[in-house]
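Welcome! Here is a short tour of one protein structure, taken a piece at a time.

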Amino acid sequence: MTPALEPLRRIAAYAVARDDDGRVLLVRASSRSGTPGVWSLPGGAVDHGEDPNHTVVRETAAETGLSVTVTGLQDVLADMRSMPHRGVTIHTDRLVYTVSVRGGNLIDRVGHPTDLARWHTLEEAEKLKLRPFTAAALGLSTDAGDLRPEEAPVFPSFYAYEGPDGLHRAQRFAAYAIATDPYENLLLTRISEGYPGAGCWHLPGGGTDYGEQPGTALIRELVEETGQAGRLISLLGVASHRDAASLGPEGYPIDWHGVRAFYRVVVDQPTEVTIHDVGGSTCEARWMPLKEIAELAHDQLTEVTADALRAARLI
């Protein structure tokens, strides 16, 4: 364990690739990294405004020399990792995709954060030092535990920084619920005036806290935002959206990039909807019949909501 250092957040995307013999593709951290000799899935940080699907293809090609195509979303998870040599603690929201290889040849990379890319059987991988998220993605155990702070450091729920063009930028990871009750109703919220998408119907949920798993965050947000106790069923997908000049209560344009995970949630015992964050971004919340939702005009739903409802095949 190590004390919390300067807190940072990032979003990253990784590839689970297997060859015809069932071997998995792994990359080794070099002496330039904070964990030399440790193996992980190929992948890396999502650039501002970049779709994570593109990130995983780009990063896999750079680290391994192989061209891949995304075939599915396997998991979304988060972890904290303290890096004393850099003076930081990093919370990373990790999107793990399954991919297929289109071609290319494995390469070694001298002088880069990863220096080797190799195919391994799961039995071979079990004997390697693996990053914890990689072991979890492959269903393996690991002894290469990351250094973690004893407590999650304080980090603002909203953080914007000045980009190279002088415009403020913000990248945010969030989790949202397709939440239904036993009576074919869907739980929706309406966005308050002064916020992007004002007046539109939205999904319950929101940004995850530092050190928090997305599923846990979503169930917490559901209670805090609407007073409903939900049961997490499954991960539906991830969407990425960039608004290059979003205007909200901050009062100045922000180049906003949101990456959102959508989950199927069931509320077994729905209660009267209660908005606890009075004066915040939600002005109304209600259970709405699925038939009524199908009849809403396109501009009455936020883009996030429309994407998630299509993924769940509800519109």
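Which element gives the largest share of the lining of the second largest pocket? Strand β1 does, with four residues.

## About the model

This is a predicted model, in which local features need pLDDT of at least 70 and side-chain atom pairs count only at pLDDT 80 or more, while totals for chains, interfaces and linings use all residues. Residues are numbered from 1 along each chain as its sequence is written, and side-chain values use heavy atoms, with hydrogens and water left out.

## Helix α1

Buried here (under 20% relative accessible area, 1.4 Å probe, protein chains only) are P52, T55, V56, E59, T60, E63 and T64. They sit on the same side of α1, because they cover an arc of only 120° around the axis (taken from the directions from the helix axis to the C-beta atoms). After α1 comes G65, with a positive phi near 85°.

## Helix α4

Helix α4 spans residues 214–226, and its end C-alpha atoms are 18 Å apart, in agreement with the 18 Å that its 13 residues should span. Just after α4, G227 has a positive phi of about 80°.

Key: Helices (H or I, at least four residues) and strands (E, at least two) are DSSP runs, numbered from the N terminus. The expected span of a helix is 1.5 Å times one less than its number of residues. Buried means under 20% relative accessible area, exposed over 50%, partly exposed in between (1.4 Å probe, protein chains only).
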